[in-house]
Amino acid sequence: MEKQNTQETLRDIWVLGDYRNYFQSRVTLQILARARALAKGTGGRVCALVFGHGVDEYAREYIAHGADLVYVMDDPRLADYSVQTYSHLLTCLAADHQPEILLIGATRFGQEIAPRTAKALKTGLTADCIDLEIDDKDRLVQIAPSFGGNLIAKIITPAARPQMATVRPGTFQERPHDDLAKGQIIRLEVPEDLPEERVRCIRSAYKPAKAQGIEKADIVITGGRGMGSKRKFKKLFDLARVMNAEVGATRPVVYADWISHDALVGQAGKHIRPKVLFSFGISGAIQHTAAVTDADFIVAVNKNPNATMMKMADVAIVADANQVCSGIIRAIKEKIRD
Amino acid sequence: MVSELPWNSKTGTLKRELAEGMMDPSSRQALEAAVRLAGSAGSDGVTITALSMGPPMAEEVLYQALSLGADRGVLLTDRRMAGADTYLTSFVLAAYIRKYAPDTDLVLCGSQTSDSETAQVGPQLACELDIPAIGWASDIRLSGRTVTVCRHVDDFMETLEMDLPGLITVDQGAFSPAYATLGGVQEAFDTTDAVRILDAAALGLDDGFNALKDSPTRIIDVYSPTTEKENRILKGAAKTVVDQLFKDYGKVISSAMGKDLKTK
Amino acid sequence: MDFNPCYKHQLIRKTVREFAEAQIKPHVADLDKEGRFPEEIVRKMGPLNYFGLQVPKSLGGAGLDSISYAIAIEELSRVSASLGLCVTVHNSVGIYPIMAFGTQAQIERFVPDMAAGRHIGAFCLTEANAGSDAGGVETTARKTDAGYVINGTKIFVTNGGVCDIVLVFAVDEGDKGPANVYILEKTRPGFSVGEIEDLCGMRANPVSSLFFEECEIPETNRLGKPGQGLKIGLTALDTGRIGIAAQALGIAQAAFEDALSYAKERQQFNTPIARFQTIQNYLADMATSIDASRLLLYRAAAAKDGGGPFSAEASMAKLHCAATARTVTDLAVQIHGGYGYSKEYDVERYFRDAKVTQIYEGTSEIQKMVIARHLLTRPS
């Protein structure tokens, strides 16, 4: 279907290139894939933006992953990631070119730059979308957890433009790298008079967070308040040992200090995609469930059969989480071949 | 000190934690950071203000802030503020600071409130006030008019510096809050007028101001998440269900473990 | 008349609940099992003012009113009745008599350390032959030039195993004359602590016997005017009853909450048992008794703050709260069925902890005596 449009750029979807931690965070590529699909609805182009110095490889990479066009601002003054400067440039560019949609990965950098840019552009912003769609009025429907995490809200930005959203890493699947993909790289001049940097970087060192384990683990065991107590929660570690699994937890459990913050599985924590997820005593607020939907197979244990986590499980065991945990430990010990 | 306390515009009800009148844990860590900074050397005469926008009942949370070390509390409340998204929440908070506390040196926010986890109000408030901002602080040090912040973001350990006035959002878990003393609770109620309540007019907002209408984003639908799994239900004694689990799904589990499990 | 709690009382409740759930709750089952007093938790509670709830700020306390006091004990006991007991006894019959009857010098000497939780207080009246009847007390005080020499044995002393300051109820030697209350530090030669009692409930509180053998104390350790012992004892008990009522209420509240959530979760005949009318009747009775208890308790506390007599009010509150704790924990076990009889579930502990609230700080029978005496002597 051919879309008619007088101002072509008005239909463009922009994706901010966040490349600093390229090999660990594929979020820009994931969003490009989704933007590609959305562009079928809007009829516009998918454009990536890259700020930095010596960043050509990323521009080419974005084209290989679905961008029609990459705007590049390459300048030694942009060598260091800067929320203030990049936001300033992004704001100016968006004001000039008026994209329809601007999507940003919800890395910590993205979570800082997106709200500032939205504010400067006087537009709305939906955080942490779990899906994005184009409705029959060509509007971007931003689907995100809301209302304390128990519900999902569909949000639109009726008047202001661009329509902005951030997306958690891992929400969408990137497209395969396509060396033959055609795209245009447009180099833009960086203005002489960049605003003075008000936040000075004294030191910056690459230091990957430890315990990446849970995000890569084949088996994850998560526990919630239903485990009853810190003492009983510890039983999950026994199970993890016999299964060679990682332990994760819900927000209330982390706040109750039953386990460290590193183990938080949820929107503000880790997004997991194990082959098997054992979920003990978790009712399932959306901030948690949104981060576990990629598990291939879910076993949930809860006394309450109506818990959200039970509804989304492959196997829902209506029983006391502690007793079942002990039972599985016993069964595995018996069944492991020497 | 600013805490973001949004409420549910659709149903008019509040997030559970707020309904129970407890401070959002993330905002509480920001308050803890403020208290520690105020207690550090060379900070004589520092006044900590706990600022919140929310329904009238959020007043109680400000008394809690006093019990935890704030010197005064301010509640911005008005029907016309209901339903504000982060764009307008930061606008209203900034309106207060501009009008009543223009000499504020440092604004501290929780990085993500447990209600919406947007992490947007802090950065947007900094834009409104046109002051520098640093997110996700795990350590904050003040030296004269310079603040130095350590943070761990996207696998980078950074040390950043800015001059006051500025805004900092604190990382979760970095400033684990102290428990209030019961004497502190009593003291929160000993001072009269420690909590101030202001409406839209007091902030000088236009007569036409209406957060729900003026917010750039709009909620068009709300629904419960659903799934389409087999959803096999097992019930009974622990031993029975565990046996059943391994009988029917043992292969799935053993292949994920990468180990053979005896079938009998 | 306003039945809505004010912000302050709400915040006291939330503040105590938050601490108790995070710092105490994870350990209660183990403490009960091991019969261990959690000194490490007590050390955390000291700086938070739990050991000087109504002590003025100038002496290092929280300066709370009596309703706040009752709420704090209720919330502590909702999580750990044993610790609630420790705190209420320390505050009500340890510190309060010194505040009410002590000289300024005694207050300044003893209260700051007690309010900070550095010194734990206890009060001992009960003996082998004296409980409800204080007239049977055989512990004696012998006057000397320097002060007094105490001899005797006290039993079932709450906080006995960990107390630093003991208020001892003793009669003058010889003529079994008037009784006095003496303040005794544990460092006095001749003072010793007996075995920790192996009790049905309150197992994390070191209830024990205390022995006094030729225990010398200076004149300045006698509390109040000569012969004022009985008055001090009765006043202490009136105050103590508010605390024990609050403790009983806390136990009942905990049992009710567990029973309610279990009834909604537990399925029998393919439906949550909360759907059955019998269970609903239980829950309704439990909730009603708890509410009635709470109103009686707060009225007694308010009467105490009002400065007038509150003895009858305190006894009514204590009588009713203790009875409520007893019946509510019983029903909570019943609702839990077989699981409720197992140590896997907390209701079993509530059930054991509840009983003693009908026994100590005046048995329920004594409360009725006190109430009846007020009815019969009140001008009509």
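How close do the axes of helix H7 and helix H8 of chain C come, and at what angle do they cross? In this model, which is predicted, the axes of H7(C), residues 277–306, and H8(C), residues 311–336, come within 9 Å and cross at roughly 155°. Angles over 145 degrees count as roughly antiparallel, so that is the label for H7(C) and H8(C). The crossing of H7(C) past H8(C) is left-handed.

Let me stay with that pair for a moment. On the H7(C) side the contact residues include C:Ile279, C:Tyr282, C:Met286, C:Leu296 and C:Arg299. On the H8(C) side they include C:Glu313, C:Met316, C:His320, C:Cys321 and C:Leu331. Sorted by class, the contact of H7(C) with H8(C) has 16 nonpolar, 5 polar and 2 charged residues.

H7(C) also packs on helix H6 of chain C, residues 229–265, at an angle of about 155° and with the axes 10 Å apart. H6(C) and H7(C) are therefore roughly antiparallel to each other. This crossing, too, is left-handed. From H6(C), the contact draws on residues such as C:Ile242, C:Leu249, C:Gln253, C:Phe256 and C:Leu260, among them. From H7(C), it includes C:Leu283, C:Met286, C:Ala287, C:Arg294 and C:Lys304. The class count for H6(C) with H7(C) is 17 nonpolar, 2 polar and 2 charged.

The chain is divided into domain 1 (7–115), domain 2 (121–226) and domain 3 (230–377). Taken over C-alpha atoms, the centres of domain 2 and domain 3 of chain C are separated by 30 Å. Where those two domains touch, domain 2 of chain C contributes 12 residues and domain 3 of chain C contributes 10. What classes make up the domain 2 side of that contact in chain C? There are 9 nonpolar residues, 3 polar and no charged ones.

Next, chain B against chain C. The contact takes 14 residues from chain B and 20 from chain C. On the chain B side, helix H3 (59–67) and helix H6 (182–190) each supply at least two residues. H6(B) gives the most, with 5 residues. By class, the side of chain B that touches chain C has 7 nonpolar, 6 polar and 1 charged residues.

Chain B also touches chain A. Here 69 residues of chain B are in contact with 79 residues of chain A. The elements of chain B that give two or more residues to this side include helices H4 (86–100) and H5 (121–129), and strands E5 (133–143), E6 (146–153) and E7 (156–163). Which element of chain B gives the most to the side that touches chain A? H8(B) does, with 11 residues. The side of chain B that touches chain A divides into 32 nonpolar, 17 polar and 20 charged residues.

There is strand pairing between these two chains as well. Strand E16 of chain A, residues 315–318, is joined to E11(B) by 4 bridges, and the two run parallel. One partner pair is A:Val315 with B:Arg232.

That brings me to chain A, which is divided into domain 1 (8–187) and domain 2 (213–335). The C-alpha centres of these domains lie 33 Å apart. Their contact takes 10 residues from domain 1 of chain A and 6 residues from domain 2 of chain A. The domain 1 side has 5 nonpolar, 3 polar and 2 charged residues.

Chain A has an open sheet of 7 strands, in the order E5-E9-E4-E1-E2-E3-E10, with parallel pairing. Its edge strands are E5 (125–129) and E10 (184–187), each pairing on one side only. On average, neighbouring strands of the sheet are turned by 25° against each other, direction ignored. Within the sheet, 3 bridges join E1(A), residues 13–16, to E4(A), residues 101–105. There, A:Val15 stands opposite A:Leu103.

Two helices of chain A lie across these strands. H3(A), residues 83–97, lies across E1, E2, E3 and E4 of chain A and runs at about 145° to E2(A). H4(A), residues 108–120, lies across E4, E5 and E9 of chain A, at about 170° to E9(A).

Notes
Residues numbered from 1 in each chain as written. Chains lettered and ligands numbered in written order. Predicted model: local features only at pLDDT ≥ 70, side-chain atom pairs only at ≥ 80, totals over all residues. Contact = placed C-beta atoms within 7 Å. Nonpolar A, V, L, I, M, F, W, Y, C, P; charged D, E, K, R; others polar. Pairing = 2+ DSSP bridges. Domains from an automatic or database assignment. Axes fitted to C-alpha atoms, helices over the stretch in contact; angles between N-to-C directions. Parallel < 35°, antiparallel > 145°, perpendicular 65-115°, else oblique. Left-handed = near helix turned anticlockwise from the far one by under 90°.
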